[in-house]
Amino acid sequence: MSTNHINRRRFLQSSSLLALSCLAFPACTGTDKIQYVTAETCFGKIRGTENRGIKIFRGVPYGANTSGVNRFMPPVDPPEWKGIRDAIDYGYRCPQTDPSHRPQPPGGETSGPSIFRALEVPGDKPDKEDEECLVLNIWTPGINDGGKRPVLFWLHGGAFVSGSGSTRGWDGTNLCLRGDVVVITINHRLHALGFANFSGFSPDFTTSGTVGMLDIQHALRWVQRNIEQFGGDPNRVTIFGQSGGGRKCETLLAMPSCKGLFHRAAIESGVAIKISEAADSQELADRMLHKLGLPSTDVHKIRTLPIQQIMAAAFGIYRDARKENIRLADFAPTVDGTIITQHPFHPEASAAMPDIPIIIGSTRTEYTGLTTNEALWHLNEEGLQTETNKLIGDSAREIIELYRKHNPAASPSELFFLIGSDRLYGASTMKIAERRAQLQKGPVYLYYFAWQTPVQNGMLMSPHNLVWPFIFDNTELCANLTGNTPEARELADKISDAWIAFARTGDPNTSKLPYWPPYNAELRSTMIFNNTSEVINDPLQEQRIAMFHLLDLV
């Protein structure tokens, strides 16, 4: 690993915020003549654009405005419209910005409650936020042509608190051209608007801790009603997502009311063994009301307040908590026993939809995309011990020696990143695969993304966010993340074809990769994605066992 000195600002911009290089731009540029195309939805006609033969519709409503009386309530259908509605520009993303705009120091906690806010900054235009945010973006090769194409429904990252479906790297054109599929991305409610749990204060707010997930469910119902008009097959819908998007996929698998709305799930660098407990989410809601000066008996007034006041309170409770030196849970879906019947993978995998095949995996050094702390790239032995102690406590020395044994050429910084990555993602991903496979129903396919990006002289290695340009076959659009080298393009060719095959049949095997067997606790077969990909049984066996014990995942 290179330890070349780099400019601090350049470093911070090019590590965890690197995904910003893939922000959305219009499909047609320069002097290109825009070609328009129309389609019919159950709410009215829409007009989109065509690019390289792919029909593109942006900002298509699947739900009504969520402000006013609809705030914190389950989604409802949008009003029907007459004439033809433009679906050319991306729609609003859910409000997610701290109105105070208080800057945070480099390497420090961001303005949100979770480290994931620093990683997932994707969005169309940062100032384009509004509660009228229940919209879809659709890419399809055909309109009303009886195509019966597999549908890939993308859930964006940003934990449950930030992001949108409008990032340039999630443009579905290349996937449509490669695999004759339909691609959809979604905006839905996030942060407090999607997951503040006021159910303890009034029965009218019974579902407020899950409405962000109910938005996704509502959108999947829209797909069932409309996708044939867009050349898609309502019986072959694949949900897939990275980071927070992967966590949303896992949560949907624990929602019995979603049964039949999707048929496969691909989870990339997302871990939701557990989500929010009612007590934790209700504490956040109680603190919000206190911050707003509302007694719990007046909880209904929260639907009449300006949105800026709501968001200021949502961010303010975390600033208050830091002053009090206490840690609050993140805004996230709540296990309520009705909509979400249990934690997705605790104490075992939810059996709500056991037959659905899944792909799940993580990258080798997720942690290099999870921090803006430049010092972590320049650790000596003492620094490695100090930082690992912060991360895992008293077991640090033993864990360091274990990882050094299996990575003898690694620098102290690389060892720290490997330990941190398995601590945060790798071990839990393997446990999720194990618990899902124990249902002995739908197959589970586990991968480990070991390919290293050449950008920044290879310093990022295999960071969080790296895998999705390969799935979307968008290594060129995301060259600042992938390098767009011949090796990157070759790997994207293999990975995107595997995801397309999975969407088509529920099996990711193609002739371009070694045979990828389903996962089980006996063999633990894992696809290692790299310039030369291979399947290895239990490739991180000793590290896995150590981390399972450390995280109490036995």
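Reader: At roughly what angle do the axes of helix H9 and helix H14 cross?
Author: This is a predicted model, in which local features need pLDDT of at least 70 and side-chain atom pairs count only at pLDDT 80 or more, while totals for chains, interfaces and linings use all residues. Residues are numbered from 1 along each chain as its sequence is written, and side-chain values use heavy atoms, with hydrogens and water left out. H9 spans residues 396-406 and H14 spans residues 541-550 (helices are DSSP runs of H or I of at least four residues, strands runs of E of at least two, numbered from the N terminus). Their axes (lines fitted to C-alpha atoms, for helices over the stretch in contact, with angles from 0 to 180 degrees between N-to-C directions) come within 10 Å and cross at roughly 165 degrees.

Reader: How does H9 run relative to H14, roughly parallel or roughly antiparallel?
Author: Angles under 35 degrees count as roughly parallel, over 145 as roughly antiparallel, 65 to 115 as roughly perpendicular and the rest as oblique. The angle of roughly 165 degrees therefore makes H9, relative to H14, roughly antiparallel.

Reader: Which residues of H14 meet H9?
Author: Contact means heavy atoms within 4.5 Å. From H9, the residues taking part are Ile399, Leu402, Tyr403, Lys405 and His406. Their partners in H14 are Glu542, Gln543, Ala546 and Met547.

Reader: How many residues in this contact of H9 with H14 are nonpolar?
Author: Ala, Val, Leu, Ile, Met, Phe, Trp, Tyr, Cys and Pro count as nonpolar, Asp, Glu, Lys and Arg as charged, and the others, Gly among them, as polar. The contact has two charged and two polar residues, and the number of nonpolar residues is five.

Reader: How many residues apart in the chain are Trp154 and Phe472?
Author: The structure holds 25 aromatic pairs (ring centres of Phe, Tyr and Trp, its six-membered ring, within 6.5 Å; planes under 30 degrees apart are stacked, over 60 edge-to-face and the rest tilted). Trp154 and Phe472 form one that is edge-to-face, with 5.0 Å centre to centre and 85 degrees between the planes. Trp154 lies in strand S6 (residues 149-155) and Phe472 in the loop between helix H11 (468-471) and helix H12 (479-482), so that the pair links distant parts of the chain, with a separation in residues of 318.

Reader: Are Tyr447 and Trp499 buried or exposed?
Author: Tyr447 and Trp499 form an edge-to-face pair, 5.7 Å centre to centre with 70 degrees between the planes. Because Tyr447 lies in strand S11 (residues 444-449) and Trp499 in helix H13 (residues 486-505), the pair ties together parts that are 52 residues apart in sequence. On the scale of relative accessible area (under 20% buried, over 50% exposed, partly exposed in between; 1.4 Å probe, protein chains only), both are buried.

Reader: Which proline is joined to His346 by a cis peptide bond?
Author: Most peptide bonds are trans. Here omega is about 0 degrees. The proline lies in the loop between helix H7 (307-324) and strand S10 (358-363), and its name is Pro347.

Reader: What is the relative accessibility of Ser269?
Author: Phi of Ser269 is near 50 degrees, a positive value in a residue other than glycine. Ser269 sits in the loop between strand S9 (264-268) and helix H6 (278-292). Ser269 counts as buried because its relative accessibility is 0%.
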